[in-house]
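Please work through the following exercises with the sequence and the three-dimensional structure at hand. Each task is followed by a worked solution.

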Amino acid sequence: MSFEDELGEALRRIGNTFDSDQQTLLTTGLERGRRTVRRRRVLAVTASVVALGLMGSGAYAGGLLGDGSRETNVAREAPSVDSGRVFEIWKKLAPAGTFSQEKVLPRKPGEYAHVSFVYDDGNGAGLVEFRMGKADLRAGAEGCEPADRKCRAGSEADGARSLYVESHEAPYTTLDTKSVRRQIITPEGFFVEATVWNTPDPRQATGTRKVPVLMYDLHRLNANEWRNELKKFPVPDPLGGEPPLDPAFVTPLGKISGTELTGTFKGLLPAGSFSDEKGRGTGDQLGPAASFVYDDGKGKAGVTAELYRVDPHGYSTRQYTSCRRVPHCTVTTSADGSKVRVYREEYGKSGGFRKFWTATYLSPQGHMVEISEWNTPERDGGRATRDTPPLTVEQLRVLVSSKKWQPALDELPAAPEESVGGATRPTWHEADEYVRQLMHLRQAAKSGNPHVKGCDSTCWSRLTLNKDGLGAGSVEVSLDESRTNKTGDTLLDVRQERVEAGGKGAVRWIVTASLPGGRQVTLTAYNAPTPDADATRNSPPLNVPLLKKIALAPQWNDEAYLKAMERPFPSR
């Protein structure tokens, strides 16, 4: 392995020890600087959010020891900060010392500068890597664990947010190679980041000093000199454009029907009886899925299977294969790199605890299978009919990773990279949940329920969600039957904004949509339990692509379906 390759591997290994909290930083940092973004476009139902720019969570080694004469992987017209100016600012801000091995490194999309140099203050030399550019709203959500003393998040006086991550826990009493990374995200949505080492060569096991160079001077990343350079660029757009997805991803092949997929699912289960069967084939826009009520002789239980093709490296994908902050959860990794996550949830008391168990399989190619089961016939509630769901955790793990799903998965085209196309996982039942809630209210209003008002032409409801375990948020949904789309085009309006009269740190994402000839549907997602409450999570519980999926679901305009949903909503 060449010296450059070995050093690159060392930097990647160190970078993998970091866990960035960029969403926490940016969401809070934008509290002052976020501006309302409004767009009305004619888009496909599966329009998605494009990336705001990629931001590395650790050292990026490509070209670190290369020619350094130009920024090789970014188009020449891409905006940038002159590298000479970057080195000039560092020499002005850093304490007295020597600079050597100044390199200009390849930049990722959204980065304005990426350089490195070796700095020596007379007590030993160390490598410094520096980046600046547009922050990525979706990159990371969990942040520092309370017990992690190597990670600290904070705020600056001007509203900027900061993250400080150490590769080793202080005090530094040895010469082991170590690093510190400091990241500043401005209220406008830019980032400035530096990673410093205690050695000019991070591939070495020992350094030239105990403490990384400039470790106690990283507060200078918030200096006006960097802010003045960033002022030369447009303020990052929270949406960044909403191009439609690849048509092949929107309309996959339809060789396998919903009935065939349901048959495959039934054939994988132990002997029993089946009822209330429903299925979607591989040609459905919302993805193939199957569901039914299954009875193995010990009580009826609802079970579902859903198949997807996702970006295996995407941020939202990682949330489905991580147990971080998810109780009663396990993740196993197979020799081929595929992962299976199983978690269990219990809720409610009336009629006994309702139990929900789910297993998610993800292959290195982005094939995803999710199987869920309940100890009730209906996924939305009802009285428990058995103590536990019919399948054990181990049975779920085997079932979700069965090769029998592969023919259907192979018909799904590869998903676009999430970094440039938004979250790629659709959902087949999310719209049903909101339709059912609203139709229950409409039925209650028609029956003269005094607690339901304002449902003559517009029905409105709010649900509290915390499915990802990152904090309680809420989603409001309204169906305005008095407003219909009289054009031949799909209408869509997306807004991301701070709640002006809301609680501290509260933001909302609003999607208003209508299909040609269809009713107007509005979904508003908050990062708080109610609009006037303080924020309890970094961002709303549903992302913009999913909100658009739900708002543009055809169920809102299917009168027979809506009437079928006008039944008592299960008590929780």
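The exercises below treat a sheet, its helices, salt bridges and nonpolar cores.

The model is predicted: local features need pLDDT of at least 70, side-chain atom pairs count only at pLDDT 80 or more, and totals for chains, interfaces and linings use all residues. Residues are numbered from 1 along each chain as its sequence is written, and side-chain values use heavy atoms, with hydrogens and water left out.

**Exercise 1. Determine the strand order of the open sheet of seven strands and identify its edge strands.**

Step 1. Helices (H or I, at least four residues) and strands (E, at least two) are taken as DSSP runs numbered from the N terminus, and two strands pair if DSSP finds at least two bridges between them.

Step 2. The order is E9-E10-E11-E15-E14-E13-E12, with antiparallel pairing.

Step 3. Strands E9 (273-280) and E12 (329-333) each pair on one side only and are therefore the edge strands.

Step 4. E9 pairs with E10 (residues 289-295) over six bridges in the antiparallel sense; Arg280 stands opposite Ala289 in E10.

**Exercise 2. Describe how helices H6 and H8 are placed against the strands.**

Step 1. Contact means heavy atoms within 4.5 Å; axes are lines fitted to C-alpha atoms, for helices over the stretch in contact, and angles run from 0 to 180 degrees between N-to-C directions.

Step 2. Helix H6 (residues 258-267) packs on the sheet and touches E9, E10, E11 (300-309) and E15 (367-374). The direction of H6 makes about 140° with that of E9.

Step 3. Helix H8 (residues 393-400) lies across E12, E13 (339-347), E14 (354-362) and E15, at about 35° to E14.

Step 4. Leu396, Arg397, Leu399 and Val400 are the buried residues of H8, where buried means under 20% relative accessible area, exposed over 50% and partly exposed in between (1.4 Å probe, protein chains only). They cover an arc of only 170° around the axis, which puts them on the same side of H8; the arc is that of the directions from the helix axis to the C-beta atoms.

Step 5. The cover over these buried residues includes H6, E12, E13, E14 and E15.

**Exercise 3. Characterise the salt bridge between Lys355 and Asp387 and the one between Glu229 and Lys232.**

Step 1. A salt bridge requires a side-chain nitrogen of Lys or Arg within 4 Å of a carboxyl oxygen of Asp or Glu; by this rule the count is 18.

Step 2. In the pair Lys355 and Asp387, the closest N and O atoms are 3.6 Å apart. Lys355 lies in E14 and Asp387 in the loop between E15 and H8, so the pair ties together parts 32 residues apart in sequence.

Step 3. Lys355 is buried at 11% relative accessible area, whereas Asp387 is exposed at 58%.

Step 4. For Glu229 and Lys232 the closest N and O atoms are 3.1 Å apart. Glu229 is buried at 6% and Lys232 is exposed at 60%.

**Exercise 4. Locate the largest nonpolar core and the contacts of Trp226.**

Step 1. A nonpolar core is a set of buried Ala, Val, Leu, Ile, Met, Phe, Trp, Tyr and Cys residues joined through side-chain atoms within 4.5 Å.

Step 2. The largest core has 34 residues, of which Val86, Trp90, Val128, Phe130, Met132 and Trp226 touch the most other members.

Step 3. Beyond its neighbours within four places in sequence, Trp226 is in contact with residues including Val86, Trp90, Phe130, Met132 and Arg220.

Step 4. Another core, of 25 residues, lies apart from the largest one and has among its members Phe292, Trp357, Ile371 and Leu409.
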